[in-house]
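Visitor: I would like to learn how to read this structure feature by feature. Where do we begin?

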Amino acid sequence: MAEAHQAVAFQFTVTPDGIDLRLSHEALKQICLSGLHSWKKKFIRFKNGIITGVFPASPSSWLIVVVGVMSSMYGKMDPSLGIIARISRTLDSTGRMSSQTKTAVSGVLFGTGLWVALIITMRCSLKVLLSYHGWMFAEHGKMGRATRIWMGMVKIFSGRKPMLYSFQTCLPRLPVPAVKDTVHRYLESVRPLMKEGDFERMTALAQDFAVSLGPKLQWYLKLKSWWATNYVSDWWEEYVYLRGRGPLMVNSNYYAMDLLYVIPTHIQAARAGNAIHAILLYRRKVDREEITPIRLLGSTVPLCSAQWERLFNTCRIPGEETDTLQHIQDSRHIVVYHRGRYFKVWLYHDGRLLRPREMEQQMQRILDDPSEPQAGEEKLAALTAADRVPWARCRKAYFGRGKNKQSLDAIERAAFFVTLDDTEQGYRKEDPETSMDSYAKSLLHGRCFDRWFDKSFTFVVFKNGKMGINAEHSWADAPIVGHLWEYVMATDCFQLGYAEDGHCKGDTNPGIAYPTRLQWDIPEEDMGKFCLTYEASMTRLFREGRTETVRSCTTESCNFVLAMADPTQTVEQRLRLFRLASEKHQHLYRLAMTGAGIDRHLFCLYVVSKYLAVESPFLKEVLAEPWRLSTSQTPQQQVELFDFDKNPDHLSSGGGFGPVSAAGVGGRRRDKACPTPTLCSPPGFRAPPRLPYVGQRLVRGMGHVSVCACRRGGASRSSRSARSPCGGTWSTVSRKFAG
């Protein structure tokens with residue numbers, strides 16, 4: 001509780017003798033240091049803004065120009081060609097200045113104007129020079145005299161010590177190619193891919209576009225290119241990345257690996273301490289714009305540095321139609337995930353960054369923490385691995401207030417996300433292929449719930465000291481993360497280093513407050529429970545028959561699902577439970593098809609009770625039970641029209657459905673005339689080779705892991721509800737926060 005008391009700067013108690021005021025000097029000290037840190041960063045940004053704003057000149061060059069103008073004036077020379085005299089006459093109208101003051105002020109104003117004009121001239125000249133790309137098309141290893149002269153001029157106008165963003169206003173804009181050129185290059189690219197007739201048809205279409213619709217569209221692009229800094233980037237970010245509704249995991253995010261052969265230390269907390277400190281040093285260099293801009297051709301041609309702006313303190317926020325990127329100027333904490341728990345770790349102590357050994361201490365405290373995950377906490381991050389629309393709706397419904405919002409804000413506003421992984425990864429000489437595959441997969445997706453895929457990047461440290469990064473793609477491209485990662489690995493190994501015992505260099509600091517557990521309040525009904533499952537069965541054996549409900553979430557199917565999730569169960573035990581669940585399901589299905597179902601009968605009884613104006617608590621409660629999952633299938637009926645052996649590519653595009661419950665999920669399926677039944681199982685489970693009609697597929701929806709158990713010959717069903725890919729039964733674990 002000591003940290004809680006220190007968090008309060010002052011307390012007071014009203015007594016009969018007056019107000020008893022008690023100050024916490026430690027809290028006031030931290031508030032003061034925090035304020036100083038904030039103002040220091042603002043001053044650095046202001047200073048860097050001035051330096052970048054006057055580039056390719058320097059602030060000191062203003063003094064040189066002004067002194068030169070004033071010296072020439074006192075030397076009875078007029079470098080302004082009469083402009084200084086005009087400024088002096090304008091100032092004379094005030095009547096409040098002496099002649100010497102007016103002369104000095106006029107000289108300073110003219111010198112400042114001349115300095116600004118020189119900056120604009122140099123900047124425009126550099127932009128024109130950088131618009132030349134002939135050097136790129138020159139033969140490798142050969143450089144003409146014109147190119148050498150051009151390089152010399154670029155270096156002259158590039159200033160002495162450019163900062164990270166110095167060249168941004170000097171870079172040329174992306175030109176809009178001519179429509180005819182683009183069409184011509186497109187036809188060149190598809191020529192070897194098309195037959196003669198197809199190419200002639202495409203050529204005719206392309207030429208018609210180039211003279212009809214193309215110029216009209218081109219006019220708008222030209223207009224945008226004049227108005228916007230880049231006519232492509234904003235649309236690319238929005239429509240290629242932020243409007244994508246599929247999962248980020250695997251589909252969009254990417255990863256970076258550690259050194260191949262070297263592990264500087266096998267102590268997980270120590271490797272994390274050094275690497276996190278190195279990442280924060282890099283962040284400080286980015287904030288201060290101390291990173292030298294990347295330049296090509298012998299440090300001559302600069303590359304754009306804009307993508308560095310959102311490397312840290314950035315998170316992708318899900319939306320129903322489009323995501324947004326949330327970036328804040330500064331963040332003083334990170335969030336660490338370990339063994340299903342989230343910890344908030346402050347990055348500063350006494351107004352400075354935590355040193356590597358102190359950061360190792362914080363990581364070790366997390367590793368040593370014996371507490372268990374809160375209810376529903378362990379697999380929360382699986383939401384960021386799911387489709388964007390369900391995640392957006394879930395975020396709005398469950399994380400918009402209270403402790404859930406506070407904890408989610410802590411994650412989304414963190415500098416970056418850290419995972420202390422319980423597995424050991426990396427290259428192994430005895431099995432290089434398998435070990436590297438495992439390493440890559442762990443960084444790409446982990447266990448789907450131990451990486452926060454929305455953060456700009458998740459830093460992962462494995463149990464054996466190996467590390468890596470999983471990065472979100474929308475805010476920047478891989479070279480930016482690669483630049484960071486190279487810096488981190490080099491700083492970790494060659495600058496920070498480790499003590500002989502493998503720990504970070506330096507001393508621990510017991511005065512640093514412990515990491516803080518994030519608190520969650522997950523609704524109990526959404527945490528890893530079996531749910532009422534609706535499966536539609538046909539009743540068309542009877543006149544005007546339509547459907548009946550098969551309650552497929554039976555005891556037998558639940559036992560099978562639990563066995564699939566239990567790594568201690570053998571394949572034989574799972575197979576036995578699978579057969580029991582299948583037999584039970586087939587029996588229920590036969591009952592429903594033959595008119596011995598449950599739900600239609602209860603429904604009719606309820607209707608009659610309403611007609612008679614009598615209240616039945618039983619019927620009322622039964623009819624009020626929510627169907628959290630609803631499944632069905634519509635197999636292809638006219639199988640005889642298709643010969644899939646001769647025409648294997650004539651597959652159905654499938655169909656789709658929306659959720660039948662506000663808390664449910666829609667889906668899409670694709671099948672081929674009710675093909676071989678499919679067993680939908682957790683990752684890592686392989687169907688027994690001797691089970692002839694069972695395949696494998698993992699089907700995931702928002703919040704549901706569904707297990708399909710069926711045999712060939714299942715009856716045809718039809719409904720607008722969810723369905724299995726094979727037309728079988730879905731027995732379901734509802735895992736709304738487990739993914």
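Guide: With the surface. A patch is made of residues with over 30% relative accessible area and no salt bridge, and nonpolar side chains are joined within 5 Å. Keep in mind that this is a predicted model.

Visitor: Which residues form a nonpolar patch on the surface here?

Guide: L174, V232, W236 and V240. Together they have about 340 Å² of accessible area.

Visitor: Where does L174 lie?

Guide: In the loop between helix 6 (145-157) and helix 7 (179-190). Its relative accessible area is 37%, so L174 is partly exposed.

Visitor: How many bridges join strand 12 to strand 13?

Guide: Five, between residues 457-461 and residues 467-471. The two strands run antiparallel. T458 stands opposite N470 in strand 13. Strand 12 and strand 13 form a hairpin with five residues between them. In the turn, G465 has a positive phi of about 95°.

Visitor: What about strand 3 and strand 13: parallel or antiparallel?

Guide: Antiparallel, joined by four bridges. Y254 stands opposite A471 in strand 13.

Visitor: How many residues of strand 13 are buried?

Guide: Five of its five, so the strand is mostly covered, where buried means under 20% relative accessible area. Now sort the side chains by direction. M467, I469 and A471 point one way from strand 13. G468 and N470 point the other way.

Visitor: On to charges. How many salt bridges does a search of the whole structure find?

Guide: The general idea comes before the count. Side chains of opposite charge can pair when their charged atoms come close. The search finds 24 salt bridges in this structure.

Visitor: Which parts of the chain does the pair of R271 and D258 link?

Guide: The side chains of R271 and D258 meet at 2.7 Å, N to O. The pair links distant parts of the chain. R271 is in helix 11 (residues 268-287), and D258 is in the loop between strand 3 and helix 11, 13 residues apart. R271 is buried, at a relative accessible area of 0%. D258, at 8%, also counts as buried.

Visitor: What separates R357 and E360 in helix 13?

Guide: About one helical turn, because R357 and E360 are three residues apart in helix 13 (residues 356-368). Their salt bridge spans 3.3 Å, N to O. R357 counts as buried at 17% relative accessibility, and E360 at 1%.

Visitor: Is R447 buried or partly exposed?

Guide: Partly exposed, at 43% relative accessibility. Its partner in a salt bridge is D450, with the closest N and O atoms 3.4 Å apart. D450 counts as buried, at 1%. Elsewhere, salt bridges that share partners join R245, R316, D323, R388, D454 and E472 into one network.

Key
Residues numbered from 1 in each chain as written. Predicted model: local features only at pLDDT ≥ 70, side-chain atom pairs only at ≥ 80, totals over all residues. Heavy atoms only, no water. Patch = residues over 30% accessible without salt bridge, like charges linked within 9 Å, V, L, I, M, F, W, Y side chains within 5 Å. Areas by Shrake-Rupley, 256 points an atom, 1.4 Å probe, with all protein chains shown as cover. Salt bridge = Lys/Arg side-chain N within 4 Å of Asp/Glu carboxyl O. Buried < 20%, exposed > 50% of the residue type's maximum accessible area, 1.4 Å probe, protein only. Pairing = 2+ DSSP bridges.
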